[in-house]
Amino acid sequence: MLKSTLLKGGIMLTLFSSLLAIPVSPIVQAADANCPNGYVALTFDDGPSPGNTTNLLNALKQAGLRATLFNIGRNAQNHPALVRDQVAAGMWIGNHSFTHPNMTSMNSAQMASEITQTQQTIQSITGSAPKLFRPPYGATNGTLRSVISQNGLTEVLWNVDSLDWNGASTAQIAAAANRLQNGDVMLLHEQFQNTIRAIPQIAQNLKNRGLCAGMISPATGRAVAPDGGSSNPPGTATRIEAEQMTKSGTYASNISSPFSGVALYANGDSVKFTQYFGLGTHNFSLRGASNNANMARVDLRIGGQLKGTFYFGGSSPAVYTLNNVSHGTGNQEIELIVTADNGTWDAYLDYMEIH
Ligand code: ZN
């Protein structure tokens, strides 16, 4: 018994040290000779939905197109697997509010709620929060624009409207793509069959005119060349397995499912470790899950100070990242602690990466 525990500990220690430094490939951006006249952005709103998203992704993949998908947060929460399919297909994900209201009739607190619920939901599913926001119906005002920018988002409207929402035919939707010029953004929706049918013609149209489908720059809200689809900054990451951290609190304990890790069951349950920092800003990613469909929350404390909260929106493991966290340098105690448990969920932690 003792011997096998020691052996297991030795293996875990070896595994632990081999995971400490994980190189991340730098982003390479090359000019594309197929795109002499530049880039345009195709955008599809209102997903994800079971009857439509898979058809849209198949049509885009078959046409060799990448697009920005402005998701409704509530739909994303109900269909997280479809959001993961969107990312796996090479699409960029934007925020299109949580419930698709006309936000110009809301106060700023209501606006912020629509935006942050969607940010948290998409971050918990994909590991990164959107940088682009499109207001439902394109309805915006000064209050909304300031709430959008307070949340670190860029408002994206459009230059070319396919009018698919107004009953445009497949031929009319395809013809609208004729108006796209370098940098332009086109409005489309995932729930119309005519839109899906127009995708091969849109692809051919762009190719004929030396244009390519690009991403939307968060800096300008205009179409630019894709950055390779990676949002990881170049550099290295340090990974620390939760089961290697020091447990405290009444109920914190190791688990072996859905991954080898630690479960935090009640307020005050935590895991801690000490990390040396040469610099005072890092991104902290935590892979974890809730034990059920309720949102599990785990606070990040560094040197005893609250730095942010990780959210896990369901029982599928996901990576949640807190970017640009400022903290002290030298040896710092890092603690992951449950403080908002209301008895309806438990938090499962797999590992933390610092990069
Ligand atoms: Zn919409």
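## Zinc site

In this predicted model, the zinc ion has three protein donors, Asp46 (OD), His96 (NE2) and His100 (NE2), lying 2.1 Å from the ion. Read along the chain, the donors of the zinc ion have the spacing D-x49-H-x3-H. Asp46 sits in the loop between strand 2 (39–45) and helix 2 (53–63), and His96 sits in the loop between strand 4 (92–95) and helix 5 (108–126), so this pair ties together parts that are 50 residues apart in sequence.

Asp46 and His96 are both buried.

A polar atom of the Thr53 side chain lies 2.9 Å from the backbone nitrogen of Ser49. Leaving aside residues up to four places away in sequence, Thr53 touches Pro48, Leu82, Gln86 and Glu190.

## Aromatic pairs

How many aromatic pairs does a search of the whole structure find? The search finds two. A pair of aromatic rings is described by the distance of the centres and the angle of the planes.

One of the pairs is formed by Phe310 and Tyr320, with 6.2 Å from centre to centre and 85° between the planes, and it is edge-to-face. Phe310 belongs to strand 19 (residues 305–312) and Tyr320 to strand 20 (residues 318–326); the two residues are ten residues apart, and the pair links distant parts of the chain. The rings of Tyr311 and Tyr320 also pair: their centres are 5.7 Å apart and their planes stand at 50°, so this pair is tilted.

## The aromatic cluster and its burial

Together, Phe310, Tyr311 and Tyr320 make up one aromatic cluster. Tyr320 takes part in the edge-to-face pair with Phe310 and in the tilted pair with Tyr311.

Tyr320 has 7% relative accessibility and so counts as buried. For Tyr311 the relative accessible area is 13%, and Tyr311 is buried as well.

Technical notes:
Residues numbered from 1 in each chain as written. Predicted model: local features only at pLDDT ≥ 70, side-chain atom pairs only at ≥ 80, totals over all residues. Heavy atoms only, no water. Donors = N, O, S within 2.8 Å, 3.2 Å for Na, K, Ca; no water. Helix = DSSP H or I, 4+ residues; strand = E, 2+ residues; numbered from the N terminus. Buried < 20%, exposed > 50% of the residue type's maximum accessible area, 1.4 Å probe, protein only. Phe/Tyr/Trp six-rings, centres within 6.5 Å; stacked < 30°, edge-to-face > 60°. Polar contact = N/O pair within 3.5 Å; in protein donor to acceptor, adjacent residues only side chain to side chain. Contact = heavy atoms within 4.5 Å.
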